[in-house]
Amino acid sequence: PREEVAYVTCTYRCTGIEQPDFLATVDLNPRSCHYGQVIHRLPMPNLKDELHCAGWGPACGCFDGGAAAKRTKLVLPCLISSRIYVVDVGSQCRAPRICKMIEPVDVFWKCNKGHLSVTHPLPNGDVLIANMGDAAGHGKGGFVVLDGETFELKGNWENECEAPPTGHDFWYQPRHNVLVSSAGMVPRVAGRGFNPDDLKKGVFGRRLNVWNLSCRSLTQCFDLGEDSLPLTVRFLHSPEAAEGYVGCALSGAIFRFYKSCEAS
């Protein structure tokens, strides 16, 4: 059925406003008198989180058996604080509420990760969150995993020795047993603002990483160049497709990647 609401993460970073970030609910029902308007704001209980890319908990089509799950939970990772919020959007979709919160110290101690960026549900029902750095803000890519039922922090997804130097976004194709992740920035340096001199210092990532989805191991890396900064990764919509695209923030280039045996 057609979506009747949309959820948008909103921040106050660099605005001079000392208020918590919030999740905005937007009315998408064209028959509603509030169509296209923000009908609810859910403020976070902490300051300076910087909510980033929200993602669903276990959602439709994400299970190995193909079972359809309802979209009742929204996971909100925080780029600056490294906190994780889980929001219940199933009970009252037009006025969601926070139902769980994972504090940064838990992420730091259990995973040695921080600066969380993008969330997607895994095929087995768990929730995967990519990160940009470690607790101190040094560059460190990889992923943390939440239990798909309890939303408890389970730990790191990848083997510790295989964590990329930076990370940001990812997507996967279960039928090809592959996950592709992009690079990010070194948080403690990039957070001060863009400086062209940082291009040669490794502050901005340049790698595209290919993982074995079931073994959680890094199998291949592509260097896209000094001025690339690959961020958003997407496969084609077809679940059979073995190709996708990554958009680069600095160069403005879009690269296509594909399974080599299908090259024509």
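Analyst: A residue counts as exposed when its relative accessible area is over 50%, as buried when that area is under 20%, and as partly exposed in between. The model discussed here is predicted.

User: Is Arg-175 buried or exposed?

Analyst: The relative accessible area of Arg-175 is 54%. The cut-off for this class is over 50%. Because 54% passes that cut-off, Arg-175 is classed as exposed.

User: Which residue forms a salt bridge with Glu-240, and how many residues apart are the two?

Analyst: The closest N and O atoms of the bridge are 2.6 Å apart, and the partner of Glu-240 is Arg-175. Glu-240 sits in the loop between strand 16 and strand 17, whereas Arg-175 sits in the loop between strand 12 and strand 13.

User: How many salt bridges does the structure hold?

Analyst: One example is the pair Arg-83 and Asp-49, with an N to O distance of 2.6 Å. Another is Lys-154 with Asp-126, at 2.8 Å. For the structure, the number of salt bridges is 13.

User: Why does the pair Arg-83 and Asp-49 tie together separate parts of the sequence, and how many residues apart are they?

Analyst: The side chains of Arg-83 and Asp-49 meet in a salt bridge. Arg-83 lies in the loop between strand 5 and strand 6, and Asp-49 lies in the loop between strand 3 and strand 4, so the parts they tie together are separated in sequence by 34 residues.

User: Which residues of the largest nonpolar core touch the most other members?

Analyst: In soluble globular proteins, nonpolar side chains tend to be buried together. The largest nonpolar core here has 13 residues. Strand 6, helix 1, strand 9 and strand 10 each give two or more residues to this core. The members that touch the most others are Val-75, Ile-84, Ile-129, Leu-146 and Leu-153.

User: What is the relative accessible area of Pro-96?

Analyst: Pro-96 is found in the loop between strand 6 and strand 7. Leaving aside neighbours within four places in sequence, the contacts of Pro-96 include Tyr-7, Leu-23, His-40 and Val-87. The C-alpha atoms of Pro-96 and His-40 are separated by 8.4 Å, although the two are 56 residues apart along the chain. Pro-96 counts as buried because its relative accessible area is 1%.

User: How many residues of the lining of the second largest pocket are charged?

Analyst: About 440 Å³ of space lies in this pocket. Its lining has 21 residues, and those nearest the centre are Val-210, Gln-220, Phe-222, Tyr-258 and Lys-259. Strands 13, 14, 15 and 18 each supply at least two lining residues. In the lining 13 residues are nonpolar and six are polar, while the number of charged residues is two.

Terms used
Residues numbered from 1 in each chain as written. Predicted model: local features only at pLDDT ≥ 70, side-chain atom pairs only at ≥ 80, totals over all residues. Heavy atoms only, no water. 1 Å grid on protein atoms, 1.4 Å probe; cavity = no way out; pocket = protein on both sides within 12 Å on 5 of 7 lines; lining within 4 Å. Points joined across faces, edges and corners; volume = space filled by probe spheres on them. Helix = DSSP H or I, 4+ residues; strand = E, 2+ residues; numbered from the N terminus. Nonpolar A, V, L, I, M, F, W, Y, C, P; charged D, E, K, R; others polar. Core = buried A, V, L, I, M, F, W, Y, C linked by side-chain atoms within 4.5 Å. Buried < 20%, exposed > 50% of the residue type's maximum accessible area, 1.4 Å probe, protein only. Contact = heavy atoms within 4.5 Å. Salt bridge = Lys/Arg side-chain N within 4 Å of Asp/Glu carboxyl O.
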